[in-house]
Amino acid sequence: MSLTRRDIREKALQALFQLSANEGLTIDQAIQQALTSEDELQDEVEVVEVPKYLDLVVTGVLQNQAIIDEKIQANLENWSMNRLAKTDLIIMRVAIFEMLYVTDVPGRVALNEALEITKLYSDEKSRKFVNGVLAKIVDQEN
C-alpha cells in the first residue's frame, strides 16, 4: 500500500477520531481500522503494514496533545475548545503537530494540507475557521 502524505494525514485524522470516540481502542487498532476498508473489516482482518509517517503523526499528536491544544486555545477568539467540531479539532491538531515537530514540513504546507482535508470532511465555514486559527499559528512560528 503506497500512500501519499495527504493520504496519511487523512488516515491519521480517521485514527485519531476513532481514538477520541472509543476509549477501549488501542493506537494500533485505530490505525489498522483507518488503513483497512470496511469490506476487509467484515472478513478476517489482516494486519496491514503501518507507514512510519502515519505512526509518527498519530502517536505524536497524542503525546503532545496538551501543548497542541494550548496553541489552539490561545488562538481562538470567542470560542472554547469544547465548542469545536471534533473533526476540525483533530485536523488542526495534526497540522500543528507537523508545524511544531516535523522539520521537513513547512508551516504553510501543513496549513494548506489541513485546508484541503477540511474541504473533504467539513464545510466552508469550518475551512475558514481552521484557516484563521492555523494561519495565526504559522505566523507565530515563523
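I take a cavity to be a set of points, on a 1 Å grid over the protein atoms alone, where a 1.4 Å probe fits but cannot get out. I join grid points across faces, edges and corners, and a volume is the space filled by probe spheres set on the points.

The model is predicted, with pLDDT of at least 70 required for local features and 80 or more for side-chain atom pairs, while totals for chains, interfaces and linings use all residues. Residues are numbered from 1 along each chain as its sequence is written, and side-chain values use heavy atoms, with hydrogens and water left out.

**Entry: cavity.** I found one cavity of 30 Å³ or more. The largest cavity holds about 60 Å³ of space. Its lining (residues with an atom within 4 Å of a point) includes Arg-9, Leu-13, Glu-98 and Glu-113. Two or more lining residues come from each of helix 1 (5-21), helix 6 (86-101) and helix 7 (107-121), helices being DSSP runs of H or I, at least four residues, numbered from the N terminus. Helix 6 gives the largest share, five residues.

**Entry: helix packing.** I looked up helix 7 against helix 8 (residues 124-141): the angle is about 170° and the axes are 10 Å apart. Axes are lines fitted to C-alpha atoms over the stretch in contact, and angles run from 0 to 180 degrees between N-to-C directions. The two helices are therefore roughly antiparallel, a term for angles over 145 degrees.

**Entry: aromatic pairs.** I found two in the whole structure, counting rings of Phe, Tyr and Trp (its six-membered ring) with centres within 6.5 Å. The ring centres of Trp-79 and Phe-129 lie 5.0 Å apart with planes at 50°, so this pair is tilted, being neither under 30 degrees (stacked) nor over 60 (edge-to-face).

Technical notes. On a 1 Å grid over the protein atoms alone, a cavity is a set of points where a 1.4 Å probe fits but cannot get out, and a pocket is an open set with protein on both sides within 12 Å along at least five of seven lines; lining residues have an atom within 4 Å of a point. Angles under 35 degrees count as roughly parallel, over 145 as roughly antiparallel, 65 to 115 as roughly perpendicular and the rest as oblique.
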